[in-house]
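Work through the exercises below with the sequence and the 3D view at hand. Each task is followed by a solution in steps.

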Amino acid sequence: MTAVLDAERVRALNDILRRTLSGGTLVLTAGIIALGRERQQIVLDAIAAFDRFDADNDPYGEHDFGAVEAAGERVFWKIDYFDRAGRYASPDPADTSVTRRVLTVMLALEY
């Protein structure tokens, strides 16, 4: 039962970060930065609106990865969980007191 509750909590925290850019750190790759502010906002809006999660792209139900077409580009986004120092994996991604969430946004061609 705890694993299910943890996945629900992780998913909720990831959705907050993805939709509001709060509760974590946003990292934009050089390719996204090169798009300029207007196109970056289009990309971030598309990521916030993303809701096509399924067993293929979200096997653990955490809403931690997606791919969107936005601003004329194929864009990948990924949420990772680090310890508070940002050096190692988080010991518990459901616990915000020990986890730093990082949302990375990149052009698919940068992958």
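**Exercise 1.** With which residue does D80 form a salt bridge, and how far apart are the closest N and O atoms?

Solution. This is a predicted model, in which local features need pLDDT of at least 70, side-chain atom pairs count only at pLDDT 80 or more, and totals for chains, interfaces and linings use all residues. Residues are numbered from 1 along each chain as its sequence is written, and side-chain values use heavy atoms, with hydrogens and water left out.

Step 1: A salt bridge is a side-chain nitrogen of Lys or Arg within 4 Å of a carboxyl oxygen of Asp or Glu.
Step 2: The partner of D80 is K78, with the closest N and O atoms 3.9 Å apart.
Step 3: D64, K78 and D80 are linked in a network of salt bridges.

**Exercise 2.** Find how exposed R74 is and how exposed E69 is.

Solution.
Step 1: Buried means under 20% relative accessible area, exposed over 50%, and partly exposed in between (1.4 Å probe, protein chains only).
Step 2: R74 has a relative accessible area of 39%, so R74 is partly exposed.
Step 3: E69 has 57%, so E69 is exposed.
Step 4: The side chains of these two, R74 and E69, meet in a salt bridge (3.4 Å, N to O).

**Exercise 3.** Are R18 and D15 buried or exposed?

Solution.
Step 1: Both R18 and D15 are buried.
Step 2: Their side chains form a salt bridge, at 2.8 Å from N to O.
Step 3: R18 and D15 are three residues apart in helix α1 (residues 2-20), so about one helical turn separates them. A helix here is a DSSP run of H or I with at least four residues, numbered from the N terminus.

Definitions and conventions. Helix = DSSP H or I, 4+ residues; strand = E, 2+ residues; numbered from the N terminus.
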